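The questions below ask how terms are assigned to a protein model. Each answer sets a value against its definition.

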Amino acid sequence: MARLLAEAGAEPTPVRLAVARVLAGGDRAMPAADILARVREAMPVNKVTLYRILDLFVRQGLANRHSSGDRAFRYCLGPRLSGRAHGHAYCLRCGRMECLPAGSDLLDVVAVGRSLDMDVLGVEVRIDGVCASCRQAAGEGRSGPAGSQGPAVDGGRGKN
Ligand SMILES: [Zn+2]
Ligand SMILES: [Zn+2]
């Protein structure tokens, strides 16, 4: 992990390593607030530092930043760390953004991108829907808007 960071031009400080480990340990793309909470289980870190690290990781290709239906970006492993591009399944109710296994059929769009006469720097594939646990919580067969809640939002953005 330290070597990966160094190769990407990011000095592998303990905090950066902790952030990279959190990103590596998940099977989903997480909002910064969740990443912050997990890194804090290992060591103290303030929010501004975390955002700087995430920005750095995105710039260096270590992490992917994904927009979603709400205001909070989600982060997961970038091509350097995960090796391959992958898509995401996003739940509009709870905001969970699952990382899909690389090599899913839908990722043929990556190949399509490569066939274009352009330098492809990124491909984003996101499937929006309602996840199984949210569907269950809402009760089978009931598909009205009643009781639908907005996704969890990272309330910390913009507050330095
Ligand atoms: Zn859900
Ligand atoms: Zn992902």
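What follows is a set of questions and answers on the terms used for this structure.

This is a predicted model, in which local features need pLDDT of at least 70, side-chain atom pairs count only at pLDDT 80 or more, and totals for chains, interfaces and linings use all residues. Residues are numbered from 1 along each chain as its sequence is written, and chains are lettered from A and ligands numbered from 1 in the order in which they are written.

Q: How many helices and strands does the protein have, and what counts as one?
A: There are 7 helices and 6 strands. Helices are DSSP runs of H or I with at least four residues, strands are runs of E with at least two, and both are numbered from the N terminus. Their order from the N terminus is α-α-β-α-α-β-β-α-β-β-α-β-α.

Q: Why is α3 called roughly perpendicular to α4?
A: Helix α3 (residues 32-42) packs on helix α4 (residues 47-59) at about 110°, and the axes are 10 Å apart. The term covers angles of 65 to 115 degrees; under 35 is roughly parallel, over 145 roughly antiparallel, and the rest oblique. The angle therefore makes α3 roughly perpendicular to α4.

Q: Which residues of α3 and α4 meet, and what is their class?
A: From α3, Ala32, Ile35, Leu36 and Val39 meet Lys47, Leu50, Tyr51 and Leu54 of α4. Contact means C-beta atoms, placed from the backbone, within 7 Å. By class, the contact of α3 with α4 has 7 nonpolar, no polar and 1 charged residues.

Q: What makes Cys76 buried?
A: Cys76 has 23 other C-beta atoms within 10 Å. A residue is buried with 20 or more, exposed with 12 or fewer, and partly exposed in between. Cys76 is therefore buried. Its place is in strand β3, and beyond neighbours within four places in sequence its contacts include Leu23, Ala63 and Cys99. Of the 160 residues of the protein, 24% count as buried.

Q: What makes a set of residues a nonpolar core, and how many residues has the largest here?
A: Such a core is a set of buried Ala, Val, Leu, Ile, Met, Phe, Trp, Tyr and Cys residues joined through C-beta atoms within 7 Å. The largest has 26 residues, and those with the most contacts inside it are Val19, Leu23, Ile35, Leu50, Ala63 and Tyr75. Helix α2 gives the most to this core, with 5 residues.

Conventions. Axes are lines fitted to C-alpha atoms, for helices over the stretch in contact, and angles run from 0 to 180 degrees between N-to-C directions. Two residues are in contact if their C-beta atoms, placed from the backbone, lie within 7 Å. Ala, Val, Leu, Ile, Met, Phe, Trp, Tyr, Cys and Pro count as nonpolar, Asp, Glu, Lys and Arg as charged, and the others, Gly among them, as polar.
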